[in-house]
Amino acid sequence: MAEQVHGTIYGINGPVIKVHSEHAFQMLEMVLVGHARLIGEVIRIVDKETIVQVYETTTGLKVGEPVISTGKPLTIKLGPGIIGNIFDGIERPLSRIAENTGAFLKRGSVMDNLDHDKLWDVKILVRRGEKVGPGKVIAEVQETSSVLHKIMVPPNMEGEVAEVAADGQYTINQVIVRIQEGKTIHNLTLVQEWPVREARPYKKRQPLDIPLVTGQRVIDTLFPIAKGGTAAIPGGFGTGKTLTQHQLAKWSDADIIVYVGCGERGNEITEVLEDFPKLIDPRNGRPLMERTVLIGNTSNMPVAAREASIYTGITLAEYYRDMGYHVAIMADSTSRWAEALREISGRLEEMPAEEGFPAYLPSRLSEFYERAGRVENFNGTEGSVSIIGAVSPQGGDFSEPVTQNTKRFIRCFWALDKSLAYTRHYPAINWINSYSEYLEDLAPWYEENANADFMEKRIRLSRILQEEGKLLDIVKLIGSDILPDEQKLILEIARAIRQGFLQQNAYHEQDTYVPIKKQYLMMDSLLKLYDRALKLLPLGIPVSVIRNTGVFEDVIRIKYTISNDDPGAFETLNQDIAARLDALEADYRSSERVKVQ
Amino acid sequence: MSIEYMGLKEISGPLVIIDGVKDASFEEMVEITVGKQKRLGRIIQIEGETCVVQVFEGTMGISLDNTRTRLQGKPLMMPLSKELLGRVLDGMGRPVDGLGEIYPDKSWDINGEPINPVMREYPRNFIQTGISSIDGLTTLIRGQKLPVFSGSGLPHNQLAVQIVRQAKITGANEDNFAIVFAAMGVKYDVAEYFRQSFEKGGVLDRVVMFLNLANDPVVERIVTPRCALTTAEYLAYERGMHVLVILTDMTSYAEALREISSSKGEIPSRKGYPGYLYSDLASLYERAGLVRGCKGSITQIPILTMPNDDITHPIPDLTGYITEGQIVLDKGLHQKGIYPPVIVLPSLSRLMKDGIGKGYTREDHPQVANQLFASYAKVQEIRALASVIGEDELSDIDKKYMRFGRFFEAQFIAQDFHEDRDINQTLDLGWMLLGLLPKEELDRISPELLESRYVPMDEDEVAKLWT
């Protein structure tokens, strides 16, 4: 097919170019720019002038170079070969680019997104004459050892199966099934295409009442997120956003993880690439990389592709959701994406709203977060997309536009705190400012799967922490010595909760991931200790004496001393603590008696 | 033969606008002849036949009709050769030391190309700087970008010199170690201080210096770090050298960017800085690192002065989001006479977690560092309390913390400009100071390690330490 030149470059300003043409470009259409055929996207049309944002560096482009229309919006290819791979913001495979062009990214590396030559073992699941509709699974491919890839009829297509290939080995572009819809015949291969800015359709939404279990105590117990839910992790630099995102990518109980490194550090992507293949999924014993797909558009890669990377990520997530998987997407960081919007908006000389961000920032954010959800798919399966977006507020100030607007569209807010990070309390999630709106919906699940009084205990735990927050304000002014013993005990138990429960060591083999059951037992031991100690106070036993028995240190060390698969040890520990405090009480009573005599 | 364009359409600050230009490409270099003098410029925007050009030497003396402009058909290239070592260049990479021209082995586009994240190698090798606060608590790793956040009047230059002088990079020796120093908008005496220090340290022939001084053209400042980093990339990836790049002062660089953005009439974002400040800074900082299959490495130490000592100002803020940690200097410590005035709580090295401990530094390093951080954080809380109720009213344990804080600052953080402590000395010092606190307080150290290492300090020793 001879390609036709549809327009010529007229003006260049960074990643934004002006095109003059007689051809009517479509809004958000993908175009190829210049002799180097750089990929771009139409973002504004004024009469015969079309504005295009280019996904690559524009150095060296000249006025008068051709611009070619593709007639379709920015689309990505969906098919086997996605999982375990790393792509840039517009789904170009970075590892295959590296094989071709070496360590540095050259411009215009037009490449097939998925490997064309690889043969996949395909098992066909439909028969001739069968009626099929959107989402119907027509074949299966074992994509990695953890992921069974289901080849589906694309949305907006139905008909009767006219022809099927035999089971066997196929490349992604070979036709495996033909479908007759009226008079047209659709040739289905292992891949389908989808425009990234459009949400993939589903049958209906489901309530969000199952948690996405992350193995992180402060999240699972205090501020849980539902499967299909949305969460934001805001925090200034150095508060551990990326570390938290990595932990979630490693341990959350989703089937597929899409990790979008959007405008962040190159070394962080490298770290994931080096770590994940070595880490083992606790659920099936397979390497974590076999359920992960990475989108890496680091801060020094072209800014327009950074803007697109979020959409590429969510489209991949939705595609796997349609197969009936629970997918979690981590976007690190949405602020860089918002800045990319701002940068392009600035080049277009649009009227800025707050802090130079364009006025459409909130609507773009809401569109993105609304693509999360737990749904029933057309093929009857159930899948979900959970979005966890990191936010990097300017100056660590949560009142800035990106944090504020994000807050309106998410229901789980994990606020990272600089002062916690300074004391190396990780994850540095502040328990006073954070919240989860999913608690009520998730309560039945916890009561059924963890323990009937899970929620009750959770409330007691968070009440102690709230109380401590108030007391610490007083302590700051007058010191802790003059507080009454009940309040000293609150401070003491809250310290144990903070150090023993909320702090979690990502580098400790056992502590990096803690199952819900153990989280409950830890909480239980802490509260049992509190209740028992509280009973000692009326006898006049000072908190310092209780502290000297070392019981608090023992519960703090539970995370290291009791392994994840040994719930029985809790019983022993609780009895041991009770026995020591009983002994203290007996001791005290006898010495009281001596005094009285 | 390229066409010469006569005259200009408009002049605005460091920018000139030329009309009727044919076949210009984006970011192409142009040569502007004003009378007998030649100046260089770069096309930063094209609209039809109109080009906006930034003039590196400034626009003074240019009028609308006294210029002739010629397109050079290529972006700004940096001539590269191993002979650059030991040379002093201006902000655009032209020799200013009177030692003659450089005969290039290669010539590279100064904008560089982003490293493909799959081809990066994760940095893990510790660089010993001999400075306890850095080695112990914010460890510098080969291939890291670790900026120094400083303020006016603080000894960041001394600190940088001390790091350069003492840095021991694993795998580096005299033959494959180089320093690239880029000065952007710094005063002559500061540049001279660095030159003399390099000379005294006997490393001058391993240094490439790029000098854009405070009175040099602002536009040139935009390309200075790029020329320097291109040189560093050449030395690291072509010549297999371990390169330490010092960029000072990034604040002047960002301000130059703002100045040009404002003369282009762009829409400003925070504090008048252009919306692309983050991407622009990233295009510099991200050029640090290790590339798979290449022997060399690039480690960056950018220095920036925080305007009004404000860490939330856009420049330190955006820098902190890109770099792998930061070393923060503090006026309060400086006034107490502590050198280097590194305030450890906001300081951080993100790559430290994978580059310390067994096999890298010493097995106990992570726990000791963690404990020192946590205990010193507690000291700060208690100091705040003491300032309200008075130190005498503090509980005994709080008093111990106060004492620990004083010793920590005076013994661990403070050290002489010429003192080179190896990592064992630093960690042993840490253990000694932890001996000032009771064992129960050390909750970040495992019981087994405490058993084998912890020695409480008795009062005689404390008294001795004080003197």
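This briefing describes side-chain contacts and one surface patch in the structure above.

The model is predicted: local features need pLDDT of at least 70, side-chain atom pairs count only at pLDDT 80 or more, and totals for chains, interfaces and linings use all residues. Residues are numbered from 1 along each chain as its sequence is written, chains are lettered from A and ligands numbered from 1 in the order in which they are written, and side-chain values use heavy atoms, with hydrogens and water left out.

**Salt bridges**

- Over all chains the count comes to 79 salt bridges, where a salt bridge is a side-chain nitrogen of Lys or Arg within 4 Å of a carboxyl oxygen of Asp or Glu.
- One of them is formed by the side chains of B:R124 and A:E274, with an N to O distance of 2.7 Å. This pair joins two chains, because B:R124 lies in the loop between β11 (120-121) and β12 (126-128) of chain B and A:E274 in helix α4 (residues 266-275) of chain A. Helices (H or I, at least four residues) and strands (E, at least two) are DSSP runs, numbered from the N terminus.
- A:E274 counts as partly exposed, at 21% relative accessibility; buried means under 20% relative accessible area, exposed over 50%, and partly exposed in between (1.4 Å probe, protein chains only).
- B:R94 and B:E57 also meet in a salt bridge, at 3.3 Å from N to O. B:R94 lies in the loop between β9 (88-90) and β10 (106-109) of chain B and B:E57 in the loop between β6 (50-55) and β7 (67-71) of chain B, so the pair ties together parts that are 37 residues apart in sequence.
- B:R94 is partly exposed, at 30% relative accessible area, and B:E57 is partly exposed as well, at 24%.
- A further salt bridge links the side chains of B:K264 and B:E266 (3.2 Å, N to O).
- A network of salt bridges connects A:E492, A:R495, A:R547, A:E553, B:K378 and B:E441.

**Aromatic pairs**

- The structure holds 22 aromatic pairs over all chains. Rings of Phe, Tyr and Trp (its six-membered ring) pair if their centres lie within 6.5 Å; planes under 30 degrees apart count as stacked, over 60 as edge-to-face and the rest as tilted.
- A:Y446 and A:F454 are a stacked pair, 4.6 Å centre to centre with 25 degrees between the planes. A:Y446 is buried at 0% relative accessibility, and A:F454 is buried with a relative accessible area of 0%.
- The ring centres of B:F408 and B:F412 are 5.2 Å apart and their planes lie at 10 degrees, so this pair is stacked. B:F408 and B:F412 are 4 residues apart in helix α11 (residues 396-413) of chain B, and therefore separated by about one helical turn. Both B:F408 and B:F412 are buried.
- A:Y311, A:W337, A:F368 and A:Y369 are linked into a cluster by ring pairs.

**Charges over rings**

- A:R217 lies over the face of A:F501, 5.7 Å from the ring centre; a charge sits over a ring if NZ of Lys or CZ of Arg is within 6 Å of the ring centre and within 35 degrees of the ring normal.
- In chain B, the charged end of B:R165 sits over the ring of B:F417, 4.6 Å from its centre.

**Nonpolar surface patch**

- A:I474, A:L477, A:I478, A:I482 and B:V388 form a nonpolar patch on the surface, with about 460 Å² of accessible area together. Patches are made of residues with over 30% relative accessible area and no salt bridge: like charges are joined within 9 Å, nonpolar side chains (Val, Leu, Ile, Met, Phe, Trp, Tyr) within 5 Å. Accessible areas come from the Shrake-Rupley method with a 1.4 Å probe; for residues, only the protein chains shown count as cover.
- Helix α11 (residues 454-478) of chain A gives the most to this patch, with 3 residues.
- B:V388 lies in helix α10 (residues 365-389) of chain B and is partly exposed, with a relative accessible area of 48%.
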